[in-house]
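Please keep the structure in view while reading.

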Protein chains: 4
Amino acid sequence: MIVIMKHGASRAQIANVVARVEQMGCQADVSQGEEHTVIGVVGNGRPLDREQLERMSGVERTVPVAKPFKRASRDFHPLDTVVPINGVQIGGEQIVVIAGPCAVESSEQLMETAHAVKGSGAHMLRGGAFKPRTSPYSFQGLGEEGLRLLAEARREVGLPIVTEVMEPQTVPLVTTYADVLQIGARNMQNYALLHAVGEAQRPVLLKRGMMSTVEELLMSAEYVLSHGNHRVILCERGIRTFEPYTRFTLDISAVPLLKQLTHLPVVVDPSHGTGKWDLVEPVARAAVAAGADGLIIEVHPHPEVALSDGAQSLKPDKFAALMEGLQPVAEAIGRTL
Amino acid sequence: MIVIMKHGASRAQIANVVARVEQMGCQADVSQGEEHTVIGVVGNGRPLDREQLERMSGVERTVPVAKPFKRASRDFHPLDTVVPINGVQIGGEQIVVIAGPCAVESSEQLMETAHAVKGSGAHMLRGGAFKPRTSPYSFQGLGEEGLRLLAEARREVGLPIVTEVMEPQTVPLVTTYADVLQIGARNMQNYALLHAVGEAQRPVLLKRGMMSTVEELLMSAEYVLSHGNHRVILCERGIRTFEPYTRFTLDISAVPLLKQLTHLPVVVDPSHGTGKWDLVEPVARAAVAAGADGLIIEVHPHPEVALSDGAQSLKPDKFAALMEGLQPVAEAIGRTL
Amino acid sequence: MIVIMKHGASRAQIANVVARVEQMGCQADVSQGEEHTVIGVVGNGRPLDREQLERMSGVERTVPVAKPFKRASRDFHPLDTVVPINGVQIGGEQIVVIAGPCAVESSEQLMETAHAVKGSGAHMLRGGAFKPRTSPYSFQGLGEEGLRLLAEARREVGLPIVTEVMEPQTVPLVTTYADVLQIGARNMQNYALLHAVGEAQRPVLLKRGMMSTVEELLMSAEYVLSHGNHRVILCERGIRTFEPYTRFTLDISAVPLLKQLTHLPVVVDPSHGTGKWDLVEPVARAAVAAGADGLIIEVHPHPEVALSDGAQSLKPDKFAALMEGLQPVAEAIGRTL
Amino acid sequence: MIVIMKHGASRAQIANVVARVEQMGCQADVSQGEEHTVIGVVGNGRPLDREQLERMSGVERTVPVAKPFKRASRDFHPLDTVVPINGVQIGGEQIVVIAGPCAVESSEQLMETAHAVKGSGAHMLRGGAFKPRTSPYSFQGLGEEGLRLLAEARREVGLPIVTEVMEPQTVPLVTTYADVLQIGARNMQNYALLHAVGEAQRPVLLKRGMMSTVEELLMSAEYVLSHGNHRVILCERGIRTFEPYTRFTLDISAVPLLKQLTHLPVVVDPSHGTGKWDLVEPVARAAVAAGADGLIIEVHPHPEVALSDGAQSLKPDKFAALMEGLQPVAEAIGRTL
């Protein structure tokens with residue numbers, strides 16, 4: 001950490017900060033600049049509390065130096081983490097496509113979708129049984145019945161299942177059915193839930209909050225990792241900006257940036273990231289070209305009657321076309337689909 | 001709802017939308033414009049699903065007309081809601097000030113703060129026992145021990161207690177100690193938690209998410225209201241923007257806007273909203289002048305050793321000065337403090 | 001400036017940075033931390049180029065220490081600047097209210113407004129002769145005829161005139177008519193224009209860009225100041241965020257923040273900052289309570305037929321009520337209106 | 001346009017709006033909903049003024065229906081516009097790469113870069129002679145001397161030249177040297193400048209403002225088009241968000257969205273869009289995969305001594321690698337490089 005003193009800070013103020021730093025068991029390296037004195041704080045292996053120093057008299061601000069995430073950091077874990085899921089590997093050479101409806105609505109809807117996406121080459125099946133909805137009057141999902149349908153679909157088509165878990169107390173229930181536990185964007189900083197999935201025996205797909213920085217996403221991954229679950233998959237799904245044409249603004253730069261900062265696999269959700277089905281295919285191609293390890297895409301056999309997020313779902317034929325178009329892009333960057 | 005057809009939509013496409021609208025039990029009023037056909041959808045009293053129509057062929061977009069919140073809306077509840085809390089009334093003539101430390105750290109710290117804020121005229125005491133922290137390595141709160149200390153402080157100084165609840169399953173525990181259940185900004189869309197406090201027997205202080213719109217805040221209030229708890233207090237605490245000098249950007253216009261849209265009381269948190277103690281006082285004055293029904297302010301006897309958010313906490317003497325300065329502003333707009 | 005080296009940077013990389021720093025005529029203070037080496041760069045009085053060091057091998061990032069604005073900084077000019085404008089003083093004890101129509105439309109409209117705002121106690125008259133409009137098909141202002149009408153209104157009611165200038169080559173023309181040259185939000189980083197008004201003999205009202213940071217606003221002020229014009233008035237007018245209910249999000253914290261960072265006067269524009277006339281009064285009160293030195297408010301005798309920004313204009317009677325309501329708020333914080 | 005009346009608007013208020021609409025020469029289609037009356041306004045071929053109706057008594061808000069851009073809209077010009085520039089075609093099958101230094105610094109720097117980028121397959125040369133800089137103390141460009149060097153480089157390597165013009169009065173000067181006039185992000189809404197380049201005899205490369213929506217970008221293009229210059233190339237270069245790791249957030253979805261909304265060519269600037277050289281290559285690949293018609297990339301032979309934006313410039317060897325990697329991506333989507 002670095003402490004930047006105010007312009008005109010007194011010697012006593014500087015001495016007080018140095019004393020406090022030493023009291024914290026750290027070393028203080030003072031550099032007297034033209035306009036500001038700067039104090040480098042050399043730590044003792046434990047996380048430092050910036051705010052304590054920030055409130056001291058004469059301090060203008062503090063600047064963190066070390067990254068606040070450790071287990072998620074590539075600095076301490078240079079090799080890519082590959083997460084195995086019932087025969088599928090996320091984070092390796094193959095680009096993994098997870099497809100399915102936003103919400104599980106019925107056996108027919110799910111089976112039709114499952115067969116279609118499997119036929120087009122998807123590697124995993126997604127579908128929501130518990131749905132976070134902005135309005136208390138919207139469809140909230142089928143609950144455990146939805147989980148049972150997902151398990152049935154897995155039996156029938158042989159694709160591993162990804163589904164969202166919304167509460168710590170339903171983690172055990174969802175774990176009995178799902179291959180991957182999804183943490184939705186609105187729950188990225190639901191720390192009780194992160195703690196619970198951190199102790200679960202399933203890989204976790206952690207979606208970036210619409211309001212969250214890349215660093216905060218990595219800190220949430222750190223919660224899961226620090227509770228013992230090392231199988232974390234990160235997901236960029238668009239952030240909130242002032243642009244109204246799209247529902248969110250997909251942060252494409254976050255893909256290579258995350259690949260630099262962390263060893264964890266990174267997937268992209270172009271369906272939520274744009275909110276418009278006719279932007280999904282080009283943005284999916286872009287995500288692969290940018291280095292994403294996978295995609296998560298909404299597919300619905302009849303999006304005009306979907307109970308959730310129909311506007312961003314692809315029909316099966318559009319999804320088939322998307323998969324076909326992705327193939328050469330994956331090859332162009334030396335990967336497989 | 002209004003459906004705007006694409007430029008050049010065919011008669012068949014328009015007829016299909018009209019047929020679907022009627023099938024939904026609604027009436028379709030078609031207006032043929034110069035460039036676009038517009039279809040007014042007159043509802044049947046139930047919420048409409050925009051996405052179903054949005055995915056139909058020839059549709060460009062849909063526009064909601066009715067507000068999605070009902071119980072929270074002033075349209076259907078014109079009179080101000082006043083929430084009584086052990087003798088304090090939020091939403092009436094008096095501006096209510098809730099003060100205390102970010103986190104409860106010890107009996108000494110809490111009692112010292114409680115006496116100080118009571119002495120300066122605060123009406124309620126705040127303090128966190130369960131703390132949402134970005135880092136798994138930061139202080140996470142004292143838990144139930146913190147709740148016990150809060151109850152002890154209430155006994156000693158006679159101020160009602162506001163404290164945060166982070167998980168559905170701890171709602172009963174927190175309810176046994178607290179006078180008001182606080183939902184933090186990161187949990188504004190934790191629907192399981194909203195459901196749980198909606199069934200609790202305590203008023204709820206609902207903080208706006210840092211990337212949530214005013215409408216989403218009201219939709220989250222609607223969750224609580226729709227589960228039977230009518231005592232909801234809204235809190236503006238700053239939203240995330242590109243401005244880096246302050247931790248968040250306090251949305252002052254949200255105060256009069258909320259007072260127009262809803263009958264619920266609105267309080268402002270200038271401590272989190274700015275992240276800097278030396279901006280708290282002017283922003284607190286601004287909030288009162290803009291029509292806020294209350295303030296929630298962090299006070300710590302020794303902010304330079306605080307375990308959480310010291311940078312934005314006021315020392316007791318600064319808080320006393322703030323209260324003194326607020327008095328004439330409250331009077332200037334015809335309210336009391 | 002501080003240089004933070006990458007985790008694992010080699011001795012040679014560190015030595016190279018030190019050598020480059022010394023080559024730039026600066027001194028390098030090396031602090032060897034646990035995870036990162038940090039190099040404090042002590043300057044030689046000239047601005048440092050961060051990017052040169054940022055591109056060197058082994059460098060993770062650089063952190064600026066000194067503020068990039070000097071003439072605008074309170075560090076080097078602790079006393080408040082008061083800008084005198086034909087008998088009005090902005091930046092002193094009195095809160096200065098600038099009122100008038102968004103655009104000058106006709107002699108009748110302007111005179112009616114001028115008499116009304118003068119009668120309610122406004123101190124200056126605003127009105128646009130040259131209008132920046134998003135659409136090439138919208139009313140672009142009356143041009144020089146508008147300036148003539150403004151000058152006539154000044155003669156008749158005796159209020160100094162504020163009007164926008166949009167191009168460097170019209171600065172001389174506008175200067176012959178106006179008392180204050182306004183730089184609009186879209187032109188805050190039009191450097192040719194800043195240069196031109198920096199050489200003009202009139203005070204400048206510089207509006208913050210809708211996506212500009214406080215620091216960038218101060219850097220734009222620095223352009224004007226560095227070209228010799230010391231009479232700069234800053235204006236907070238709302239920034240762009242994700243919130244759609246209001247046209248912009250007025251950054252109320254920027255008012256006390258600017259008063260800390262700079263000696264220049266700060267005014268607030270609640271009309272553009274909210275985009276809704278019925279939010280103007282509470283936000284104007286908030287701005288005064290937060291410490292603004294003035295307000296700039298749109299008033300139109302018949303806003304429903306205004307050629308520009310009618311939705312945010314007050315009718316004269318609402319403006320009169322606003323002025324009456326501001327009086328006690330100004331007094332409450334020890335100022336006059 | 002659609003007018004949405006307030007809940008509980010009176011018959012008289014509705015009748016007044018209808019009367020005003022008819023007075024504007026338009027037709028009013030009234031649809032009486034459950035909670036709100038909605039009035040469809042059928043226009044008369046001229047742009048409608050929403051704000052006039054928005055200010056009327058009983059009106060809640062208005063919603064635009066027709067797109068405000070006409071000449072730029074694909075609705076009225078379905079075929080792609082291809083802009084020819086001295087043998088290069090932007091907007092056709094070939095992806096056009098524009099490369100060169102941020103600022104022209106010297107003959108050596110420019111010639112070395114020009115030869116390098118030409119050798120790696122770039123189609124055009126970029127370089128700034130007039131530089132918009134946030135700080136008045138930063139290097140502002142070589143001015144006309146820079147233009148002369150660019151013309152010399154064109155003679156020597158045979159690549160057309162793109163360079164920025166910052167003021168209306170220098171448009172004629174820049175036109176005598178440049179093949180394409182670039183409008184920088186900070187000038188996207190400098191209407192005097194848009195007017196001037198709209199009358200110039202050169203194609204215009206119009207960069208999206210960091211604060212501008214896609215619709216505003218198209219409205220600025222409309223300014224240029226409406227003044228007679230039909231050769232407009234749009235450029236996505238990143239928007240401002242809360243994410244601090246990258247300098248801007250490149251809006252990848254804007255590429256396919258613009259291709260839907262407009263017939264104009266779209267290029268992407270991954271250098272400014274990310275601000276970090278090591279993100280340029282993956283983001284450039286993503287832009288091509290998303291359907292961009294071209295790229296504009298900063299290349300500098302010695303970025304660590306660049307006078308401007310060194311942190312985001314590629315060295316010639318990295319640029320060569322980028323071009324090599326782009327080739328298969330372009331082919332994968334059926335285009336050439």
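**Confidence**

This is a predicted model. The predictor assigns the complex an ipTM of 0.94 and a pTM of 0.94. The average pLDDT of chain A is 94. In that chain, 100% of the residues score at least 70.

**The barrel of chain C**

Chain C holds a closed barrel of 8 strands. Its order is β7-β8-β9-β10-β11-β12-β13-β14, and the pairing is parallel. Direction ignored, neighbouring strands of this sheet are turned by 25 degrees against each other on average. One pairing within chain C shows the detail: β9 (residues 161-164) and β10 (residues 180-183) run parallel and are joined by 3 bridges. Here Val162(C) has Val180(C) in β10(C) as its bridge partner.

**The open sheet of chain C**

Chain C also has an open sheet of 4 strands. The order is β2-β3-β1-β4, with antiparallel pairing. At the edges stand β2 (27-32) and β4 (59-63) of chain C. Each has a single partner strand, so one side of each lacks a neighbour in the sheet. From one strand to the next, the twist averages 20 degrees.

Opposite Gln27(C) stands Val42(C) in β3(C).

A helix covers this sheet. In chain C, α1 (residues 11-23) lies across β1 (2-5), β2, β3 and β4. The helix runs at about 5 degrees to β3(C).

**Helix packing**

| Helix pair | Axes | Angle |
|---|---|---|
| α10(B) and α10(C) | 7 Å apart | about 155 degrees |
| α6(A) and α7(A) | 7 Å apart | about 45 degrees |
| α10(B) and α8(C) | within 9 Å | roughly 130 degrees |

Take the α10 pair of chains B and C. The helices span residues 277-289 of chain B and residues 277-290 of chain C. How do they lie to each other, roughly parallel or roughly antiparallel? α10(B) and α10(C) are roughly antiparallel, because angles over 145 degrees count as such. Their crossing is right-handed. From α10(B), the contact uses Pro282(B), Arg285(B), Ala286(B) and Ala289(B). From α10(C), it uses Pro282(C), Arg285(C), Ala286(C), Ala289(C) and Ala290(C). By class, this contact of α10(B) with α10(C) has 7 nonpolar, no polar and 2 charged residues.

α10(B) also packs on α8 (residues 254-261) of chain C. These two helices are oblique to each other. α10(B) passes α8(C) in a right-handed crossing. Asp278(B), Leu279(B), Pro282(B) and Val283(B) meet Pro256(C), Leu257(C) and Gln260(C). The contact of α10(B) with α8(C) divides into 5 nonpolar, 1 polar and 1 charged residues.

The remaining pair lies within chain A. It consists of α6 (residues 191-198) and α7 (residues 214-226). α6(A) is oblique to α7(A). The crossing of α6(A) and α7(A) is right-handed. On α6(A), the contact residues are Tyr191(A), Leu194(A), Val197(A) and Gly198(A). They meet Ser220(A), Tyr223(A) and Val224(A) in α7(A). What classes make up the contact of α6(A) with α7(A)? Its residues are 5 nonpolar and 2 polar, with no charged.

Definitions and conventions:
Residues numbered from 1 in each chain as written. Chains lettered and ligands numbered in written order. Predicted model: local features only at pLDDT ≥ 70, side-chain atom pairs only at ≥ 80, totals over all residues. Heavy atoms only, no water. pLDDT = per-residue confidence, 0-100. Pairing = 2+ DSSP bridges. Axes fitted to C-alpha atoms, helices over the stretch in contact; angles between N-to-C directions. Parallel < 35°, antiparallel > 145°, perpendicular 65-115°, else oblique. Left-handed = near helix turned anticlockwise from the far one by under 90°. Contact = heavy atoms within 4.5 Å. Nonpolar A, V, L, I, M, F, W, Y, C, P; charged D, E, K, R; others polar.
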